[in-house]
Amino acid sequence: MAKQPVLLEAKNIIKDYGNGQVLNDISLQIHKGEVIVLVGPSGCGKSTFLRCMNGLEQIQAGQILLDGEVITEGKTDWPKVRQKIGMVFQSYDLFPHMSVIDNIILGPVKVQGRDKKEVTEEAEKLLDRVGLLDKKDAYPRQLSGGQKQRVAIVRALILKPEILLFDEVTAALDPEMVREVLDVILELASSGYTMLIVTHEMQFARAVADRIVFIDGGKIVESDTPEAFFTQPKTDRARRFLNTFIYAKDGEKLTSDSY
Amino acid sequence: MFDETTVNMLIEGTGATLYMTLVSTLFGYIVGLPLGIILAITDKTGIKPNVVIYKILDFIVNLTRSIPFLILLILVMPLTKLIVGQSYGSAATIVPLTIAAAPFIGRMVESSLKEVDKGVIEAAQSMGAGTFTVIWKVLLAEARTSLLVGVTIAIGTILGYSAMAGVVGGGGLGDIAIRYGYYRYETGIMIVTIVILVILVQILQGLGMMLSKKLDRRQA
């Protein structure tokens, strides 16, 4: 994996909302084809970090580089950059007034100026891939949370981004719908997509990640392979964090057999 | 009940009222819609925050909105005369009506656009949508039911304002009501104008609501 070039890189970034630092000197390299999962307690800054990576949040210091080019200095053409960095959100954020297919083709047609017919065909293929072709003319309100999130993933994919950001995409879902969404992401991972994922689903994190990055207090505390992180966390904080999940699961140990 | 001249007058009055109301609403939106869009996007939480532009427009809107319409009507008479050539009659009333309506419409547009879910806007931005695409495809498209309700409210309000213009010879049903009902004590004619005004408001309100419901995709 390390042989691949660095696709997206954060260099010493600092984010401050004005009441204390949210991100405190974070540096991270994401190589092409790599799947990095960010974990950490709520409010640790992992979602903020993700949002900084495509400019939804401004950083106060440091640099972000995409394909070796600094995108956080001078006049960045964010619309252009963001087409290369796809993002899926916790609350799906589909356009409620548009049908599923219109939600998906809006980006390619209006932003990238691609041919509507060709894009529609591609959208249908992608919908089929996530098992939702029969819902293409439905409106978001007619879909379950899991279905909405799969549509949102397709909407990000169709722009052919170089990297995908997932911001707690299953956090708002009913438990039985989490799986259908995570399965889609696992499939994308195995087909070579570069991804940066924020999640609280530890078993999923372990299954999908090439590298786990543990963030606490706006800092990267640990960065390791999933195997090492989940079996032998190096720091006390990581151990405490992982323990909360074991307690939450009523004594059941985290295993790698699921997913 | 009424002779032919009176009936003709009432029909003409209704026409004049509709003409003033609809044309003023149209002009009001030509100014108010961009105004509302700029207010919504330049505010702190907007997609193009700009304190200076927001504060200036915000001040102008508040200033204009705090002048009672009856006084505005008289205040802008020189301007009306300059634009229309006379300061009385239906066409002349359109000038103060538009001036009163535009900031009011701008505010309603602003508040409609601010109701659009921030997440949806971010989703569009994360797809690479620029400011124009976000305004057109997300803000206006997603706020359309709210905007249409706003149009209905605007028409109702402007219709009410147009009747006030009757005091200074503005033409239309308000003019008739004041001339006959107030100055000549012909209560019958006044009541008829009120009934017509009520029916007009009901019809326009009903149409607006129907349309806005039809365009709403959020509910079953």
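Figure 1. A compact globule of 259 residues would have a radius of gyration near 18 Å, and chain A agrees because its own value is 18 Å. The radius of gyration is taken over C-alpha atoms, and the globule rule is 2.2 Å times the number of residues to the power 0.38. Taken along the principal axes, the box filled by the C-alpha atoms of chain A is roughly 55 × 50 × 40 Å. Chain A has nine helices and ten strands (DSSP runs numbered from the N terminus: helices are H or I with at least four residues, strands are E with at least two). Of its 259 residues, 47% are buried. A residue is buried if 20 or more other C-beta atoms, placed from the backbone, lie within 10 Å of its own, exposed if 12 or fewer, and partly exposed in between.

This is a predicted model: local features need pLDDT of at least 70 and side-chain atom pairs count only at pLDDT 80 or more, while totals for chains, interfaces and linings use all residues. Residues are numbered from 1 along each chain as its sequence is written, and chains are lettered from A and ligands numbered from 1 in the order in which they are written.

**Figure 2. Chain B.** Chain B has ten helices and zero strands. Its C-alpha trace spans about 65 × 45 × 25 Å along the principal axes. Of the 220 residues of chain B, 44% are buried.

**Figure 3. Where chain A touches chain B.** Here 20 residues of chain A are in contact with 20 residues of chain B (contact: C-beta atoms, placed from the backbone, within 7 Å). Helices α2 (78–84) and α3 (100–111) of chain A each supply at least two residues of this side of chain A.

**Figure 4. The largest nonpolar core.** This core has 137 residues, and Val37(A), Leu38(A), Met53(A) and Leu196(A) have the most contacts inside it. A nonpolar core is a set of buried Ala, Val, Leu, Ile, Met, Phe, Trp, Tyr and Cys residues joined through C-beta atoms within 7 Å. Beyond its neighbours within four places in sequence, Val37(A) is in contact with residues including Ile197(A), Ala205(A) and Ile212(A).

**Figure 5. Asp236(A).** Asp236(A) lies in helix α9 (residues 236–248) of chain A. Asp236(A) is exposed because 9 other C-beta atoms lie within 10 Å. From C-alpha to C-alpha, Asp236(A) and Gln4(A) are 32 Å apart in space, and they are 232 residues apart in sequence.

Conventions:
Two residues are in contact if their C-beta atoms, placed from the backbone, lie within 7 Å.
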